[in-house]
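Here is a short briefing to read alongside the model. Have the sequence and the 3D view open, and follow the topics in order.

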Amino acid sequence: MTVATGLIVANLYYNQPLLADIANTYHVSSGKAGQVSMITQIGYATGMLLIAPLADMFRRKRMMIIDFAFMIAALMVAGWASNVYILMIASFFIGVFSLIPQLLVPMAAHLAKPSERGKKIGVVMSGLLIGILLSRTLSGFIGAHFGWRNVFYMAAGLMIIMWLLIFLFLPEVEPDHKGSYKDLVRSMIDLVRHEPKLRMAALRGALCFACFSAFWTTLTFLLKQNFNLGSDVAGLFGLVGAFGAIAAGLMGRLTDKMDAYKLSTFTLLLIVISFVVFLFSARSIAGLIIGVILLDLGVQATHISNQSIIFALNAEARNRINTIYMVTYFIGGAIGAYIASQVWSAYQWTGVSVIGIILSSIALIMHVFNRKKVQHKTTTV
């Protein structure tokens with residue numbers, strides 16, 4: 001489950017170190033190329049909203065086997081795309097059908113003992129986070145030496161292998177929901193209305209992922225402009241971020257022992273600090289490396305803490321709860337990628353860094369204010 005999660009989620013991020021090369025191939029602006037990353041995130045959110053909840057109605061393994069066929073086809077079209085608009089359409093469907101990790105994470109929570117849920121989620125999430133980060137390293141290297149199109153062909157080959165492994169080794173999990181799809185959607189609305197912890201975790205996650213996407217979408221443009229470095233070097237920053245992801249995996253153990261609010265306060269502060277470092281590192285590779293470690297540790301540890309909170313809410317609705325959280329999360333990522341690509345055109349790296357500081361500060365302030373609000377209500381009662 002951990003390996004599958006890492007390799008499949010990588011499909012969403014292969015394009016980020018390649019954006020400058022894609023812009024050159026199609027003779028479009030950096031802002032237009034940056035929309036490829038945004039549309040991929042929107043596709044992922046769409047797939048989670050419309051397809052992932054079905055895992056509470058249908059057998060998950062069967063869903064995954066069918067999903068793989070569409071995922072592989074979308075990756076092949078992306079590699080072939082004759083213009084940027086076909087690439088955008090293919091990228092949208094890559095996002096839609098790369099939702100399998102969001103079926104596997106709730107499955108891990110379902111199979112784990114309550115006392116070890118944070119630990120087990122942390123193990124699977126460490127695979128997901130390393131996949132997110134190392135995908136950039138792999139795509140950056142292949143893009144620089146063999147062309148960006150071959151990245152998508154390589155990804156399609158990996159998905160064929162994963163399809164076979166899922167088919168042979170993944171256990172089946174029977175669904176819990178007995179109602180209709182309409183009832184399923186209605187129940188998600190009820191969950192949003194009646195679960196304040198879910199609403200807070202989703203908003204916190206969306207703002208964090210907006211910061212994450214803003215940085216990674218524009219990093220390749222910064223390295224090309226200020227350091228004359230290509231996609232392979234942009235991808236190498238994924239190796240740096242992987243250290244943060246490994247450390248974040250250990251945070252899953254802490255969520256079983258430590259108050260989630262205190263942990264999230266600390267990890268949100270790391271994100272704010274990372275963008276302050278980025279603000280003064282437009283011409284410093286060392287500063288960028290320090291910022292990447294802080295950013296990835298903060299974002300991924302906050303994400304794991306959020307998931308530990310939401311998966312403890314309602315065992316029978318874990319896929320729907322995860323859907324609500326992750327749809328909001330990736331909408332935040334798409335917005336962050338879009339804002340950053342537009343800000344880059346006008347204000348360059350300073351503008352991107354300021355956007356990151358603003359978004360992460362909003363997340364921290366909202367988090368602290370919500371805690372005080374809850375404490376006030378408890379005291380009043």
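Methionine 88 sits in helix H5 (residues 84-97); helices here are DSSP runs of H or I with at least four residues, numbered from the N terminus. Methionine 88 is buried, with a relative accessible area of 8%, where buried means under 20%, exposed over 50% and partly exposed in between, using a 1.4 Å probe and protein chains only. Please keep in mind that this is a predicted model, in which local features need pLDDT of at least 70 and side-chain atom pairs count only at pLDDT 80 or more, while totals for chains, interfaces and linings use all residues. Residues are numbered from 1 along each chain as its sequence is written, and side-chain values use heavy atoms, with hydrogens and water left out.

**Methionine 88 and its surroundings**

- Leaving aside residues up to four places away in sequence, methionine 88 touches Lys32, Gln35, Val36 and Ile39, a contact being heavy atoms within 4.5 Å.
- Alanine 33 is 55 residues from methionine 88 in sequence, and their C-alpha atoms are 9.1 Å apart in space.

- Helix H6 (residues 101-111) is largely enclosed by the rest of the structure, because nine of its 11 residues are buried.
- The buried residues of H6 are Pro101, Gln102, Leu103, Leu104, Val105, Pro106, Met107, Ala108 and Ala109.
- Histidine 110 also belongs to helix H6, but it is partly exposed, with a relative accessible area of 36%.
- Not counting residues up to four places away in sequence, histidine 110 touches Val173 and Arg318.
- Histidine 110 and isoleucine 285 lie 175 residues apart in sequence and 42 Å apart in space, C-alpha to C-alpha.

**Threonine 137**

- Threonine 137 is found in helix H7 and is buried at a relative accessible area of 15%.
- The contacts of threonine 137, with residues up to four places away in sequence not counted, are Gly235, Leu236, Gly238 and Leu239.

**Largest cavity**

- Three cavities of 30 Å³ or more turn up in a search of the whole structure; on a 1 Å grid over the protein atoms alone, a cavity is a set of points where a 1.4 Å probe fits but cannot get out.
- The largest cavity holds about 70 Å³ of space, a volume being the space filled by probe spheres set on the grid points, which are joined across faces, edges and corners.
- Fourteen residues line the largest cavity, and those closest to its centre are Leu128, Ile132, His303, Tyr329 and Phe330; lining residues have an atom within 4 Å of a point.
- Helix H7 (117-146), helix H13 (285-310) and helix H14 (318-380) are the elements that give two or more residues to this lining.
- H7 supplies the largest share of the lining of the largest cavity, four residues.
- By class, this lining has 11 nonpolar, three polar and no charged residues; Ala, Val, Leu, Ile, Met, Phe, Trp, Tyr, Cys and Pro count as nonpolar, Asp, Glu, Lys and Arg as charged, and the others, Gly among them, as polar.

**Nonpolar core**

- Phe215 and Phe330 touch the most other members of the largest nonpolar core, which has 114 residues; such a core is a set of buried Ala, Val, Leu, Ile, Met, Phe, Trp, Tyr and Cys residues joined through side-chain atoms within 4.5 Å.
- Phenylalanine 330 touches Leu12, Tyr13, Gln41, Tyr44, Ala45, Met48 and Phe209, not counting residues up to four places away in sequence.

**Second largest pocket**

- About 210 Å³ of space lies in the second largest pocket; a pocket is an open set of points with protein on both sides within 12 Å along at least five of seven lines.
- Of the 14 residues lining this pocket, Ile51, Arg62, Met63, Ile66 and Asp67 are the closest to its centre.
- Helix H4 (residues 60-80) gives the most to the lining of the second largest pocket, with six residues.
- The lining of this pocket divides into 11 nonpolar, no polar and three charged residues.

**Salt bridges**

- The whole structure has two salt bridges by this search, each defined as a side-chain nitrogen of Lys or Arg within 4 Å of a carboxyl oxygen of Asp or Glu.
- Aspartate 183 pairs with arginine 186, the closest N and O atoms being 3.0 Å apart; both lie in helix H9 (residues 181-194), three residues apart, about one turn of the helix.
- Aspartate 183 is partly exposed at 33% relative accessibility, and arginine 186 is partly exposed at 41%.
- Arginine 193 forms a salt bridge with aspartate 190, with the closest N and O atoms 3.8 Å apart.
- Arginine 193 is exposed at 56% relative accessibility, whereas aspartate 190 is partly exposed at 30%.
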